[in-house]
Amino acid sequence: MSHIGQPLTLACGQTLPNRLMKAGLSEQLSDRDHAPTVHLEHLYERWGRSGCGLTITGNVTVDRLHMAEPRNVAIEDDRDRERLSRWATAAKRGGTSIWLQLNHPGRQANPLAGRTRPVAPSAVALAVPGAPRPRALTGREIEATVLRFATAAAVAKECGFDGVQLHGAHGYLISQFLSPLANKRDDDWGGDLQRRMRFPVEVLRAVRAAVGDRFAVGIKLNSADFQRGGFTEDESEKVVACLAGEQIDLIEISGGTFEQPAMMGSIARQSTREREAYFLTYAERVREHAKEVPLAVTGGFRSRSAMEQALAEGACDIVGIGRPLCIDPKAARRLLDNTGHYAASGTPRIGARSLLGRFVDLHAADAFLDVQWHTDQIHRIAKGLEPDPGLPWWRSTITAVRRNGLAAIRRPRRRG
């Protein structure tokens with residue numbers, strides 16, 4: 001029997017029809033007031049028919065003043081309830097469960113999008129050129145931010161979404177609280193790991209209190225930051241053990257930050273690449289700490305055989321795929337029906353490499369291009385068009401600047 005086709009019942013009582021998950025991908029398809037648009041409805045109606053048993057949206061921020069990207073959806077209250085409800089309904093027509101990915105970018109906010117100084121656990125800037133120095137949050141602001149997550153989750157439930165995923169990876173605010181490089185506080189919100197993990201635990205508890213027992217709540221967590229002096233795998237294990245003792249339905253394993261984009265496979269060893277999934281070895285290691293909480297692993301999975309093996313061996317319970325669905329919205333269905341054995345992903349690369357390589361880091365440039373190129377494919381699907389695997393690299397560079405301004409080429413924008 002196919003392992004990817006088996007259902008999975010979560011602690012909240014929700015049953016996922018299979019083990020494939022559409023991972024969070026930042027869509028940048030809100031209107032100028034950060035409300036959902038008809039393009040999001042079109043996109044998720046298509047992805048809802050992809051075959052994935054679980055669909056996670058891209059970044060939905062909990063604070064309009066702090067945006068990861070200019071056209072992210074924001075939820076601060078129920079002002080956009082009708083549009084959010086249409087978004088959820090469109091996604092669920094294909095039989096998938098739809099979860100909103102809730103996020104606060106912290107110091108990784110785009111100042112041009114939020115038009116305010118970024119905030120963070122401590123006034124420590126990203127180690128990337130041109131990154132602004134954030135302002136350290138006060139204790140009251142931290143408590144208010146915890147409540148923002150709870151409010152957004154309650155609105156998601158009212159609007160028909162099946163769950164929420166807290167974005168605690170990739171260097172965003174929750175991840176910043178966990179990192180000793182970003183969190184230099186000496187109060188109850190920083191210092192040793194016990195205090196650094198307080199923020200994600202308080203967010204999880206507040207969200208659960210706001211939505212009740214029958215609504216799904218998950219988290220996306222870094223295995224490590226892959227930076228010297230940063231959040232380590234040993235610390236991540238302890239966080240997983242702590243979260244497993246809370247009322248949580250799913251833990252998705254990822255890794256990396258804007259400064260070290262491990263989630264893009266940039267530092268994966270050859271042995272890791274052969275297994276396809278970038279974080280599968282860590283998932284095996286942390287399995288015992290997660291106890292009965294299902295683990296999802298995203299990043300690198302492409303072949304049906306690798307997915308089946310990972311599930312059969314118990315390394316993970318759910319396989320997340322993202323970029324392949326930007327190229328082939330039916331990729332998951334082909335895998336489930338065994339009519340396709342490989343979920344392809346585009347591999348755009350910067351051109352004129354010998355010339356540009358003298359002036360820029362080509363690995364960073366390729367990572368930036370990869371994100372923007374797949375965003376272009378997302379926008380094509382949202383407009384009712386088919387993906388264009390032949391889209392030239394230079395055109396995606398132009399559209400990236402149009403979407404984000406010149407700041408877009410300052411650093412790679414990571415996926416949700």
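Accessible areas here come from the Shrake-Rupley method with a 1.4 Å probe, and for residues only the protein chains shown count as cover. On that basis the accessible surface of the protein comes to about 16100 Å², of which carbon and sulfur atoms hold 49%. The model is predicted, so local features need pLDDT of at least 70 and side-chain atom pairs count only at pLDDT 80 or more, whereas totals for chains, interfaces and linings use all residues. Residues are numbered from 1 along each chain as its sequence is written, and side-chain values use heavy atoms, with hydrogens and water left out.

**Overall fold**

Helices (H or I, at least four residues) and strands (E, at least two) are DSSP runs numbered from the N terminus; the protein has 16 helices and 13 strands. Of its 416 residues, 61% count as buried, a term for under 20% relative accessible area, with exposed over 50% and partly exposed in between (1.4 Å probe, protein chains only). Contact means heavy atoms within 4.5 Å. Among contacts between residues at least 6 apart in sequence, 71% join residues at least 24 apart.

**Nonpolar cores**

A nonpolar core is a set of buried Ala, Val, Leu, Ile, Met, Phe, Trp, Tyr and Cys residues joined through side-chain atoms within 4.5 Å. The largest has 90 residues, and Phe199, Ile251 and Phe301 touch the most other members. Helix α4 (residues 139–158) gives the most to this core, namely eight residues. Because domain 1 (8–345) and domain 2 (352–415) both contribute residues, this core lies between them; the domain bounds come from an automatic or database assignment. Another core, apart from it, has 13 residues, including Leu10, Ala23, Leu54 and Ile318.

**Helix α7**

The expected span of a helix is 1.5 Å times one less than its number of residues. The values for α7 agree:

| Helix α7 | Value |
|---|---|
| Residues | 198–211 |
| Number of residues | 14 residues |

Buried residues of α7 include Phe199, Pro200, Val203, Leu204 and Arg208. The buried residues of this helix pack against α4, β9 (163–168), α5 (173–178), α6 (193–196), β10 (216–222) and α8 (233–244). Gly212 follows α7 and has a positive phi, near 85 degrees.

**Trp373**

Trp373 lies in helix α15 (residues 362–382) and, at 2% relative accessibility, counts as buried. Leaving aside neighbours within four places in sequence, Trp373 is in contact with Ile327, Gly346, Pro348, Asp388, Pro389, Leu391 and Ser396. The C-alpha atoms of Trp373 and Leu391 are 7.8 Å apart, and the two residues are 18 apart in sequence.
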